[in-house]
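Thanks for coming, everyone. Let me put the structure up, and then we will walk through a few of its parts.

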Amino acid sequence: MQTTQSTVLVVDDEPQIVRALRINLSARGYKVITAHDGTAALRAVAETKPDVVVLDLGLPDMDGTEVIAGLRGWTTVPIIVLSARGDSSDKVAALDAGADDYVTKPFGMDELLARLRAAVRRSAVSGTEDGSAVVETDAFTIDLAAKKVLRDGAEVHLTKTEWGVLELLVRNRGRLVAQKQLLHEVWGPSYDTESHYLRVYMAQLRRKLEPEPSRPKHLLTEPGMGYRFEP
């Protein structure tokens, strides 16, 4: 049994898997919380800040890789994928999205527990402090976990692409994000030179979020280089 209790978030829609993990992890001193879909998982991480996440990919409301990408927008919590998908392409996609480890179902409990202990140790050694899921400015508030923006108490409608641009900038707040990186991550590798896309979408974001779009305080341009978000 552990000397220091760690919290594990189990994300799976199969009740028998959740029950087995809860019993085995609780017996070894872990505090276990559960979520049955991606939306609940994102909310649970923001609210409970677990030490490690055990995540199934086949969730009812979204793919597990979307959950990983959403979490990696603001937290470095270790993520162990536990999935029936055994193809190398699925493993690569999950690891590229930001997962730390991948265990294929059916799995041996001893192996999973060993990987979980290793993930918790690595996290403790790195000592990385996560940012908050909620980032506030004097004009608007960004909730990275819920994927929404509030201004004057009302939700601001953003398109999927607008959110993609904003999320990447907020994730790197205070740091320059190069034009090529933004284009590559939001639009894809074939758009690396389409800088006019960024000008259009940054203008749209400023109109929606900045009190004075022509004199932005938070969504800043570094001429010829890229963009920066300053809270």
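Predicted model: local features only at pLDDT ≥ 70, side-chain atom pairs only at ≥ 80, totals over all residues.

**A sheet and its helices**

Start with helix H6. H6 lies across strands S6, S7 (141-143) and S8, and runs at about 95 degrees to S7.

In what order do its four strands come? The order is S6-S7-S8-S9, in an open sheet with antiparallel pairing. S6 (134-136) and S9 (154-156) are the edge strands. Each has a single partner strand, so one side of each has no neighbour in the sheet. On average, neighbouring strands are turned by 30 degrees against each other, direction ignored. Look at S8, residues 148-151: three bridges pair S8 with S9. There, Leu-150 stands opposite Glu-155 of S9.

Next, the cores. The largest nonpolar core has 51 residues. Ile-142, Val-149, Leu-166 and Leu-169 touch the most other members. Helix H6, residues 160-171, gives the largest share, six residues. Take Ile-142. Beyond four places in sequence, its contacts include Val-149, Trp-163, Leu-166 and Phe-229. Another core lies apart, with 19 residues, including Leu-21, Val-54, Ile-80 and Val-103.

Last, strands S1 and S2. How do S1 (residues 7-11) and S2 (residues 31-35) run, parallel or antiparallel? They run parallel, joined by five bridges. The chain goes from S1 through helix H1, residues 15-27, to S2, and this β-α-β crossover is right-handed. Val-8 has Val-32 in S2 as its bridge partner.

Conventions: Residues numbered from 1 in each chain as written. Heavy atoms only, no water. Pairing = 2+ DSSP bridges. Helix = DSSP H or I, 4+ residues; strand = E, 2+ residues; numbered from the N terminus. Right-handed = clockwise from strand over helix to strand, strands pointing away. Core = buried A, V, L, I, M, F, W, Y, C linked by side-chain atoms within 4.5 Å. Buried < 20%, exposed > 50% of the residue type's maximum accessible area, 1.4 Å probe, protein only. Contact = heavy atoms within 4.5 Å. Axes fitted to C-alpha atoms, helices over the stretch in contact; angles between N-to-C directions.
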